[in-house]
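Please look through the structure below with its backbone in mind.

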Amino acid sequence: MPLETTTRIVRELARHGYNAEREAVTLIASADDPVRALERAVEGAPDGALRITTDHVRATLDAETTPAPDPPGVDDVRATEAVAADPSVSGGEPDAVIQSTSETPVETEGSTGRGSRDTTRQSVTVDGDITGRSTGTGEYDDFVAVFRDRYEKLSKQLRGRVNHRPATAIQDMPGRSDAEMIGLVNDIRSTASGHWLVELEDTTGVFPCLVMKDKDIASSVEELLKDECIAVSGTLADDAGILFVDELYFPDVPRTYRPSTADRHVQAALISDVHVGSQEFVADAWSAFADWLHTEEADHVEYLLIAGDMVEGVGVYPNQDEELSIVDIYEQYEQFAEHLKEVPGDVEIVMIPGNHDAVRLAEPQPAFDENLRDIMSAHDAHITGNPSTVTIEGVSVLMYHGVSLDEVIAELPEEKASYDEPHLAMYQLLKKRHVAPQFGGRMRLAPEKSDYLTIDSVPDIFHTGHVHKLGYGKYHNVLAVNSGCWQAQTAFQKSVNIDPDVGFAPIVDLDTLNLTLRKFT
């Protein structure tokens with residue numbers, strides 16, 4: 001097979017077990033004899049090397065007295081266009097590009113080719129990772145500790161809104177007094193008259209609060225989940241046995257929040273739910289995405305953030321074995337690592353686990369263990385826990401796989417949260433400043449000394465997956481993105497009426513937080 005195209009060279013290198021720097025591939029493609037240049041680069045690769053570097057290729061070409069190639073230009077553009085025009089090679093080019101500078105996207109046309117990348121980067125930093133810090137044993141005291149920590153963290157964000165009185169102090173106040181309280185939602189129920197009774201619990205006790213159905217804030221009660229932290233203000237009844245609520249407050253993201261942005265033009269690709277090992281994994285779409293990353297059009301994509309479910313896993317749902325193409329979990333990760341090698345070697349990758357991955361299901365989830373890290377070591381990815389806040393180019397990205405989205409969507413009215421618009425559920429989590437507020441339903445919570453699921457600092461970008469649906473928008477200037485998946489509809493998904501959004505790669509300009517959607521199916 002001819003190797004004159006950069007995409008074919010990358011695939012041939014991957015077949016030999018190597019990743020490669022972008023310019024290294026360009027040098028090989030620009031050689032007088034690309035086949036020979038590739039063979040020499042592979043033959044002369046240092047022992048134990050996982051990546052073919054530009055310096056190594058240059059030295060190889062110089063040794064062969066091959067004329068130095070011109071900088072990337074027209075020839076590379078034409079080569080990539082030829083690959084894009086050949087569906088058997090690329091899997092087809094993207095159907096459309098959708099650029100969003102607000103919440104309403106518009107279609108744009110793309111171009112193909114190659115270019116030089118600015119490699120001046122800031123270091124990637126990670127905060128909120130549970131890995132190596134888990135101390136919970138599952139004892140009763142552990143659960144008490146994690147909820148106390150939740151209350152302390154979130155109540156601090158509300159104390160500027162109300163003059164909090166403990167539940168026991170409110171119980172001792174005379175009737176008709178004004179009172180304000182911060183607490184975790186212990187119970188929510190409607191009365192026979194259609195009003196809402198909300199029990200709030202703080203570290204001293206529980207106090208009942210009544211929201212009248214004709215109040216403007218009654219709609220806010222429909223957004224409440226058990227165990228989240230809120231504040232209320234109002235007036236005590238004549239007998240001081242209940243608080244009539246006039247105002248209700250969430251920890252929320254300040255409306256005046258201004259996100260940080262990068263000081264140069266650089267982009268990050270946000271994806272999730274790859275599901276390698278499933279019969280429905282869309283390998284062609286993944287290869288088309290990886291091929292595109294090698295083009296000039298993707299030259300500014302320097303980061304790839306993957307929000308969980310690298311593989312399909314084993315035994316995650318009933319009769320899953322009937323839908324697996326790879327039945328061994330380690331072989332699934334080995335195959336995922338091979339697909340990861342298709343990504344340009346100079347793209348920095350950050351990965352967190354999801355509920356299909358081989359880590360504990362209870363959240364927060366630690367990062368992959370050493371065995372899995374070794375399998376996925378070829379790309380030297382940043383591997384961290386779920387959730388984690390990753391800062392790249394000065395932009396903070398809260399990465400959370402998103403199991404709690406099922407809970408939010410199930411509990412709240414459709415106009416507040418739905419699978420068709422998963423970003424609305426993400427807005428709710430930002431509003432509650434907690435990625436998994438409700439305990440005891442679909443959520444598995446690992447009790448720790450600290451609640452690692454609170455959103456202590458407002459992120460600039462909130463990135464989730466899990467529900468296999470595409471959704472995006474801005475909530476109080478925070479960009480929220482649920483990035484769809486790389487798995488076509490399974491029989492199980494069909495049985496529960498999930499129609500996945502497959503083969504999308506949201507691309508974020510870190511200097512503006514504008515969003516471009518690219519589709520590869």
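**Loops, barrel and cysteines**

Pro-364 is found in the loop that lies between β13 (348-352) and α12 (370-375), where helices (H or I, at least four residues) and strands (E, at least two) are DSSP runs numbered from the N terminus. The peptide bond that leads from Glu-363 into Pro-364 is cis, with omega near 5°. This is a predicted model, in which local features need pLDDT of at least 70 and side-chain atom pairs count only at pLDDT 80 or more, while totals for chains, interfaces and linings use all residues. Residues are numbered from 1 along each chain as its sequence is written, and side-chain values use heavy atoms, with hydrogens and water left out.

A cis peptide bond also joins Asn-386 and Pro-387, with omega about 0°, and Pro-387 is found in the loop between β14 (382-383) and β15 (388-392). Most peptide bonds are trans, and most residues other than glycine have a negative phi.

With regard to phi, His-275, although not a glycine, has a positive value of about 60°; this residue lies in the loop between β11 (267-271) and α10 (283-293). His-275 is buried, its relative accessible area being 1%, where buried means under 20% relative accessible area, exposed over 50% and partly exposed in between, computed with a 1.4 Å probe on protein chains only. Leu-513, which is not a glycine either, has a positive phi of about 65° and lies in the loop between β20 (504-509) and β21 (515-519). Leu-513 is buried as well, with a relative accessible area of 2%.

Turning to the barrel, five strands form a closed arrangement that runs β6-β7-β8-β10-β9 with mixed pairing, two strands being paired if DSSP finds at least two bridges between them. Neighbouring strands of this sheet are turned by 55° against each other on average, direction ignored, with axes that are lines fitted to C-alpha atoms, for helices over the stretch in contact, and angles that run from 0 to 180 degrees between N-to-C directions. Strand β6 (residues 178-190) pairs with strand β9 (residues 229-236) in the antiparallel sense over seven bridges, and Met-181 stands opposite Val-232 in β9. Helix α7 (residues 140-156) packs on the sheet, where it touches β6, β7 (196-201) and β9, and its direction makes about 130° with that of β6; contact here means heavy atoms within 4.5 Å.

How many disulfides does a search of the whole structure find? The search finds zero, a disulfide being a pair of cysteine sulfur atoms within 2.5 Å. Cys-209 is buried, with a relative accessible area of 1%, and Cys-229 is buried with a value of 0%.
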